[in-house]
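Okay, thanks for coming, everyone. Let me put it on the screen.

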Amino acid sequence: MAFFFYFFFLLTLSSPSSSASSSNSLTYIVHVDHEAKPSIFPTHFHWYTSSLASLTSSPPSIIHTYDTVFHGFSARLTSQDASQLLDHPHVISVIPEQVRHLHTTRSPEFLGLRSTDKAGLLEESDFGSDLVIGVIDTGVWPERPSFDDRGLGPVPIKWKGQCIASQDFPESACNRKLVGARFFCGGYEATNGKMNETTEFRSPRDSDGHGTHTASISAGRYVFPASTLGYAHGVAAGMAPKARLAAYKVCWNSGCYDSDILAAFDTAVADGVDVISLSVGGVVVPYYLDAIAIGAFGAIDRGIFVSASAGNGGPGALTVTNVAPWMTTVGAGTIDRDFPANVKLGNGKMISGVSVYGGPGLDPGRMYPLVYGGSLLGGDGYSSSLCLEGSLDPNLVKGKIVLCDRGINSRATKGEIVRKNGGLGMIIANGVFDGEGLVADCHVLPATSVGASGGDEIRRYISESSKSRSSKHPTATIVFKGTRLGIRPAPVVASFSARGPNPETPEILKPDVIAPGLNILAAWPDRIGPSGVTSDNRRTEFNILSGTSMACPHVSGLAALLKAAHPDWSPAAIRSALITTAYTVDNSGEPMMDESTGNTSSVMDYGSGHVHPTKAMDPGLVYDITSYDYINFLCNSNYTRTNIVTITRRQADCDGARRAGHVGNLNYPSFSVVFQQYGESKMSTHFIRTVTNVGDSDSVYEIKIRPPRGTTVTVEPEKLSFRRVGQKLSFVVRVKTTEVKLSPGATNVETGHIVWSDGKRNVTSPLVVTLQQPL
């Protein structure tokens, strides 16, 4: 009877069941006790299927099973099914799936990584040659020169991964550089049905471009000449040019599905990657409901560094994503290169803009009629101001430069819509929220982007000219100036880069650091135009993109170099080295600016600062963290034992953890405290930290404190004397502050830092004090 039951249920796996395609079902990730599997079942897979067969609805099919970073399976379930599964004695938790989205070469030189240096991080790490970076993204275009394996030694012996072949991705696409390539689409297809293979590749091949771009940023080979439509000409290179790459494709036309992302984590860890790079994110949820956080914990538990993009929701506060403390969360900054394309108005004024447009330009010296989409007759005003599909009247646009407001559809799509309606050029104006942050795009017609103030000035000029009794109508042209180097100030925090505080755990400062993420040149697939617009038939080997998606793989590659130079460093030690050596001043010697406002930026914008690879190689001291430290952190976050097991697959003794400290006592390289003002005039807390000497033996570090305004900060002891490398010493930071007058619900944030210095190295940690007035 049992054999018949298993055989019957396995038949349901061959095609989506009625439950799987039901409109009231969702994909759930089911966590199962990893020690439980009745002996009558040959595999966990058979046991999972039998568990599902007991549900009241039609038995659903299993999408993925997980065995490495997580123990369980994913399946399409109704809410009733999910609830029933929770009653199963060996089911720990049932997690609803999220749909994530992408956080969309001068940077090595800007970061101080020069291939000609006889010493330094590249030389010390042999350019990362024995390390494997797993890129979880949209796949890869393997034929690009960035993934050539010339001069590389054999694939590392520890590597267990595969190159999954298909009709459009032969096994020979992998080599000693691209050592593995897989794809995961079960979760995507469970929600959307069978993929349309005329628009997507059922293989690791990249049909979007994002994955190819991020992979080459982290570990692309040196390629010369490299440029995009004639811009950014020079040598293209990734951070770890000899590191090996493994592509894990999880993102498809409609997004990136948690069940597939978790499968990629599970497989990448089993394959033997050393670093995981993830430029994908979604809304912030508790860690035990976050498949990325769960997968990342399983990775760091095996000694694998995980770098994740902070998100592109900036410049607003509380927009940072991927905030689990075991991941390194990366925001975006600018580099000292720009692509100016200025708007010259008929009244003689020049408005600064940026663009990467390489096609036929506007006639030099000629002024063109200028119109604003939002003031054109025949539309609803709002849609036409944004230049949405169907909103523009060709009779009013033809032969003109059109001003479009930023938002809703992509910037490149706006240009395509203007071009289809007969427009000769386009200006995209930021809204108030975007501020002055500019992103250069590969437009399909002569076009440029201007800031919010520039947009206001252009609209004002159009309005005043249109009302004028003179015969002069508004006119403009766009002046493209190519590539400009040596820009000051740089770096600047990119306007789009997501900001803190950390929505889930404000005591953990996120983002951790920023890295180059604006106008980054990297490899690009064939068959995809640089604008990403389907009608764009131009082809280029490299493209220029912006986003924290581009910043994240910079840190992934740097982590590979640091791991190669220091094989004994844990993921937390690598992150600590990046954090405590980061800098907060630009190349003009001034505090880093916020691109959106032009004002000085803050720790909520950049975390600990901008990465400094050369200094990170020799940080002096590191703040190390074990998996058990993270478990204590979760205990002090008031997570239940079930929540903690879901994340860590370990039972927790929370009684001991809570007696030992509070959530801020995780051995993190930054310090953040939130005081709730409940009428107490004086408030205080303490942090306990332990540092490990990775510098010189017989070294002495002394403390320097810059307390946040309105606080008193003391550190005990004030001197740390190390006798040997690897020695650990602890210290206590005490913070006292007094109540400030705030309206209900308001907050006050003050920042400072503490620095341990041996006279040669400065180990710097930001210190953030937040006062909140309860509602």
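So, the structure has 17 aromatic pairs. By pair I mean rings of Phe, Tyr and Trp (its six-membered ring) with centres within 6.5 Å, where planes under 30 degrees apart are stacked, over 60 edge-to-face, and the rest tilted. Take Phe 297 and Trp 326: ring centres 5.3 Å apart, planes at 90 degrees, so that one is edge-to-face. Phe 297 sits in helix 10 and Trp 326 in the loop between strand 15 and strand 16, so the pair ties together parts 29 residues apart in sequence. Helices (H or I, at least four residues) and strands (E, at least two) are DSSP runs, numbered from the N terminus. Phe 297 and Trp 326 are both buried, and buried here is under 20% relative accessible area, with exposed over 50% and partly exposed in between, using a 1.4 Å probe on protein chains only.

Before I go on, a caveat: this is a predicted model, with local features needing pLDDT of at least 70 and side-chain atom pairs counting only at pLDDT 80 or more, while totals for chains, interfaces and linings use all residues. Residues are numbered from 1 along each chain as its sequence is written, and side-chain values use heavy atoms, leaving out hydrogens and water.

Back to the rings. Phe 297 and Trp 326 also belong to a cluster linked by ring pairs, including Tyr 287, Tyr 630 and Tyr 639.

Now the cysteines. How many disulfides does the structure hold? Four, taking a disulfide as two cysteine sulfur atoms within 2.5 Å. Cys 251 joins Cys 256, S to S 2.1 Å, and at 110 degrees about the S-S bond that link is right-handed. Then there's Cys 387 with Cys 404, at 2.0 Å, which is left-handed at -85 degrees. Cys 635 bonds to Cys 654, also left-handed, at -75 degrees. That last pair links helix 19 to helix 21, 19 residues apart. Counting bonded cysteines along the chain, the pattern goes 1-2, 3-4, 5-6, 7-8.
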